[in-house]
Protein chains: 2
Amino acid sequence: MARAATTTDVFNAVAEPRRRQILDLLAAAGPCAVGAIVIALGLPQPAVSKHLGVLREVGLVSVEKHGQSRVYQLNAKEIQAVHEWTRTFERFWTHKLDRIKHRAEARARAQGHPFAIAAAAARKDRAS
Amino acid sequence: MARAATTTDVFNAVAEPRRRQILDLLAAAGPCAVGAIVIALGLPQPAVSKHLGVLREVGLVSVEKHGQSRVYQLNAKEIQAVHEWTRTFERFWTHKLDRIKHRAEARARAQGHPFAIAAAAARKDRAS
DNA sequence: TTGACATATGCCCATATCGGCATATACTCA
DNA sequence: TGAGTATATGCCGATATGGGCATATGTCAA
């Protein structure tokens with residue numbers, strides 16, 4: 001198997017910097033026609049179209065025909081999944097003390113191999 | 001150019017589901033030896049080692065030799081970048097009214113091409 | 001209808017991927 | 001020293017990528 005397609009996941013779609021740029025732009029400027037994005041980001045038009053295609057397929061943007069131009073609109077709700085996942089780790093950078101405590105506990109657990117805990121976590125991960 | 005290397009970015013590293021599983025596991029169970037991860041996730045050992053290699057190179061985990069096993073520890077601080085980026089879009093799913101308002105404003109702006117706004121946003125994006 | 005404009009697509013290339021398998025490296029203990 | 005365990009690494013194949021370029025599609029305007 002090769003790498004997962006960029007259209008499989010919001011995570012994969014968002015891994016490309018230029019795609020993130022496009023999303024940032026749409027968030028800042030509101031719905032944009034392709035041409036506007038091309039000019040704003042200084043990218044060749046086919047590239048923009050292709051990136052928009054990926055974003056569209058993943059549901060991160062939606063299109064609306066307006067005459068001969070197509071206006072792309074951000075659908076940021078899809079980013080929420082990524083946000084939620086990262087939020088899981090929030091405690092690791094917000095409370096320094098907590099982090100130290102966690103490390104200590106974890107180190108203690110690591111002495112005996114934490115198979116049970118690990119397996120439980122894995123089950124939880126697979127469920128998500 | 002092909003797709004960016006998975007070791008370029010936290011975004012790219014995290015695009016792989018199994019890598020996310022490993023991170024989830026380390027967050028839940030604390031530092032783990034490779035063998036523990038192998039058993040917990042049911043993946044072949046070389047695969048786990050390679051994924052850990054990617055995570056290591058991006059700084060998402062750190063290693064510590066302990067006898068003949070290597071204990072990997074989560075360094076979640078690196079995930080904060082992703083968290084911050086997604087947080088930029090938070091307003092789009094938290095307040096429904098805000099979202100509607102934004103759309104309306106944006107639509108209005110879209111009538112005349114929002115080049116100036118777009119360009120400004122692009123500059124801001126490139127800076128980040 | 002013809003021409004100009006706005007987007008999308010198709011094709012080619014070089015590249016990096018992930019998985020599987022075999023094997024090298026590193027450490028421990030008898 | 002030699003066997004056994006724990007990880008890492010190298011090589012292979014199949015695949016999807018992203019950029020560039022040319023071109024097809026679709027739409028408006030005169």
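This is a predicted model: local features need pLDDT of at least 70, side-chain atom pairs count only at pLDDT 80 or more; totals for chains, interfaces and linings use all residues.
1. Helices (H or I, at least four residues) and strands (E, at least two) are DSSP runs numbered from the N terminus; contact means heavy atoms within 4.5 Å, and axes are lines fitted to C-alpha atoms, for helices over the stretch in contact, with angles from 0 to 180 degrees between N-to-C directions.

2. Residues are numbered from 1 along each chain as its sequence is written, while chains are lettered from A and ligands numbered from 1 in the order in which they are written. Local features need pLDDT of at least 70 and side-chain atom pairs count only at pLDDT 80 or more, whereas totals for chains, interfaces and linings use all residues, and side-chain values use heavy atoms, with hydrogens and water left out.

3. The three strands of chain A form an open, antiparallel sheet in the order 1-3-2, where two strands pair if DSSP finds at least two bridges between them. Strand 1 (32-33) and strand 2 (61-66) of chain A each have a single partner strand, so one side of each is left without a neighbour in the sheet. Strand 2 and strand 3 (residues 69-74) of chain A pair over six bridges, and V61(A) stands opposite L74(A) in strand 3 of chain A.

4. DNA strand D has 29 residues around it, and K50(A), M1(B), Q45(B), S49(B) and Y72(B) come nearest; a residue is near if one of its heavy atoms lies within 4 Å. Helix 4 of chain B provides the largest share of this surface near DNA strand D, four residues. A phosphate oxygen of DNA strand D is 3.0 Å from an N or O atom in the side chain of H51(A), and a base oxygen of DNA strand D lies 2.9 Å from a polar side-chain atom of Q68(A).

5. Around DNA strand C there are 28 residues, the closest being M1(A), Q45(A), S49(A), Y72(A) and K50(B). Sugar and phosphate make up 61% of the atoms of DNA strand C that come within 4 Å of the protein. A backbone N or O atom of G35(A) lies 2.9 Å from a phosphate oxygen of DNA strand C, and a polar side-chain atom of K50(A) lies 3.1 Å from a base oxygen of DNA strand C. Helix 4 of chain A gives the most to the surface near DNA strand C, with four residues.

Conventions:
A polar contact is a pair of N or O atoms within 3.5 Å; within protein, one must be able to donate a hydrogen and the other to accept it, and residues adjacent in sequence count only if both atoms are side-chain atoms.
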